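Here are my notes on this one, as promised. I went through the contact between the chains and then a sheet.

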Amino acid sequence: MAGENRTEMTSDAINLTSVTKIFGGAKPVRALDNVDLSIGKGQFAAIVGPSGCGKSTILNLVAGFEKPTSGDVRVDGKPVRAPGPDRAVVFQEAALFPWLSVWENTIFSAKARGQPKSAYEHKARQFLARVGLTDFHDHLPTQLSGGMKQRVGIARTLVMEPHLFLMDEPFGALDAQTRIDMQELLLSVWDELRRTVVFITHDVDEAILLADVVFVMSARPGRIRSRVPIELPRPRSVDLITDPTFIALKRDIFNQIRHEAHAVRTAAN
Amino acid sequence: MTAANGAVEIERGAAARFGTRFGGSALVVLVPLALLCLWEAAGAAGLLPTGLIPTPTMVIRAWYVWTFGPDTGGFNAYSGTWTQVVANSAQRVVLGYALAVLLAVPIGILVGWSNLVAKLVDPTLQSLRPIPITAWLPFSIALFGIKDYGAIFLICLGAFYPILINATHGARSLDQNLHRAALMMGASSRTILFRVVLPNALPAIFAGMRIGAGIAWSAVIVAELVAVKSGLGYVLWDAYYIGRMDVVVADMASIGMFGFLTDCLLIALQRRLVRWQNVA
């Protein structure tokens with residue numbers, strides 16, 4: 001398989017070994033159950049699954065926002081202990097600081113880490129231009145549309161130049177057209193950078209369009225049900241969604257998810 | 001059809017805007033003006049107890065003499081002293097209030113942000129909170145005597161709690177994702193405290209500061225009624241004793257005016273500092 005023989009994949013960027021996550025409380029919830037997952041360096045991995053299957057929990061563990069109840073989470077071979085700028089996160093609702101302008105949000109990480117202006121200014125301007133927000137330099141987040149906010153959310157992670165991008169349903173709250181624009185933007189940015197991406201989504205089209213590999217999760221307790229390599233040529237565009245290979249992949253993944261959703265309903269009844 | 005309807009809509013809109021701009025401000029002053037006229041008329045008709053309740057014109061005359069002096073006929077201890085009296089009270093309010101802000105904002109933020117600080121100081125702060133500032137008066141006089149410090153202490157104490165509680169609430173209301181965003185961008189605890197928690201708490205801090213400012217003006221009057229021998233509160237009581245009800249009412253109006261001005265000042269400051277939120 002051509003996609004699996006790439007040289008970048010010889011070492012893994014992310015390794016989850018027998019990871020279980022139980023959220024405590026009056027009714028403990030087993031969000032992840034014995035998950036094993038490897039994502040190669042430079043790979044764009046999408047994770048899809050029925051809602052509540054623990055997709056975001058995987059991302060939060062890799063980001064270091066949460067700790068596994070048991071098991072091992074490693075990034076570049078090192079155990080994850082805390083969040084850090086080597087793993088940039090794009091949140092669903094952008095999570096911009098409302099008191100900072102577009103520009104100040106974009107350079108937040110550089111300033112927080114005490115980098116001199118000369119180190120980040122040029123780079124930040126380029127990335128802001130790359131996401132098409134040069135003219136909105138001084139705007140506050142409240143003055144931006146949902147799509148524009150998410151562009152800032154992406155620009156600020158680009159400025160960090162991280163090893164790893166973690167995206168938690170970043171386009172989930174956007175309207176259809178904006179969503180397509182953002183997917184095309186992400187495709188072209190990724191073609192330039194080729195960094196490791198973990199992209200959480202419940203949109204199967206989006207997963208196939210963007211990713212090199214799609215992990216399908218089972219319903220709660222979350223497990224990795226299957227790993228589907230996407231061997232569609234790059235550079236890709238949104239036109240791809242009518243391609244027969246695309247449609248075949250989509251049918252395959254849909255069937256798996258539908259089966260899972262059905263399992264949840266029967267388990268609930 | 002649509003165009004015509006649209007035009008009608010626009011005209012109605014313009015009329016409504018005209019109404020709010022001119023008719024609106026007329027409406028705002030209508031009731032107070034009517035009340036003043038009624039009050040004046042009642043005085044002219046001899047319906048007010050003579051020497052006890054002054055008419056608006058009497059109050060304005062007294063206020064004028066109090067501000068600009070000199071008195072016309074007889075001895076007037078208040079003639080031309082208004083500015084000094086106001087300065088005395090305002091100075092206490094500014095000092096006590098500034099002290100309250102300087103103490104309450106950092107303590108409130110830390111209590112809201114750090115469980116350790118909350119455990120250490122919150123029980124003490126909360127157990128003292130139900131004691132009203134009026135109950136602190138004798139204690140304050142015993143501690144500071146009949147001096148400015150007593151008034152400043154009471155003002156500070158009164159303004160402290162609303163600012164503290166709102167700052168604490170503001171620090172605790174930080175969105176989890178904003179905190180996580182700061183962490184993943186490599187921000188240190190110190191950076192998060194100053195660049196994330198503090199700005200996030202600013203709207204709440206201002207809400208507390210506005211309540212605190214109102215309490216500060218109440219506190220200065222209470223303190224001056226009892227514990228200090230100058231200022232608007234002192235004159236209020238003093239003028240009452242010598243039967244100068246016109247000065248009493250002018251004094252009340254002055255207090256109200258400064259309370260209002262303080263609030264306007266805080267709103268203007270909030271508009272500048274909290275640009276990302278619409279300030280009511």
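1. Buried area here is the accessible area (1.4 Å probe) that two parts lose on being put together, summed over both. Keep in mind that this is a predicted model. Between chain B and chain A the buried area comes to about 1,800 Å², and carbon and sulfur atoms give 74% of that. B:Met184, B:Met185 and B:Trp276 supply 41% of the area that chain B buries against chain A, more than any other three residues.

2. Polar links: 2 residue pairs in polar contact (both at pLDDT 80 or more), and 1 salt bridge. In a salt bridge, the side chains of A:Glu66 and B:Arg180 come together at 3.2 Å, N to O.

3. On to chain A, where an open sheet of 6 strands runs S6-S7-S8-S3-S9-S10 with mixed pairing. Strands S6 (87–90) and S10 (224–229) of chain A are the edges, each pairing on one side only. The twist averages 15 degrees from one strand to the next.

4. Inside that sheet, S3 (44–48) and S9 (213–217) of chain A run parallel, joined by 4 bridges; A:Ala45 has A:Val213 as its bridge partner in S9(A). Helix H5 (146–160) of chain A packs on the sheet, touching S6 and S7 (164–168) of chain A, and its direction makes about 175 degrees with that of S6(A).

Definitions and conventions
Residues are numbered from 1 along each chain as its sequence is written. Chains are lettered from A and ligands numbered from 1 in the order in which they are written. This is a predicted model: local features need pLDDT of at least 70, side-chain atom pairs count only at pLDDT 80 or more; totals for chains, interfaces and linings use all residues. Side-chain values use heavy atoms; hydrogens and water are left out. A salt bridge is a side-chain nitrogen of Lys or Arg within 4 Å of a carboxyl oxygen of Asp or Glu. A polar contact is a pair of N or O atoms within 3.5 Å; within protein, one must be able to donate a hydrogen and the other to accept it, and residues adjacent in sequence count only if both atoms are side-chain atoms. Two strands pair if DSSP finds at least two bridges between them. Helices (H or I, at least four residues) and strands (E, at least two) are DSSP runs, numbered from the N terminus. Axes are lines fitted to C-alpha atoms, for helices over the stretch in contact, and angles run from 0 to 180 degrees between N-to-C directions. Contact means heavy atoms within 4.5 Å.
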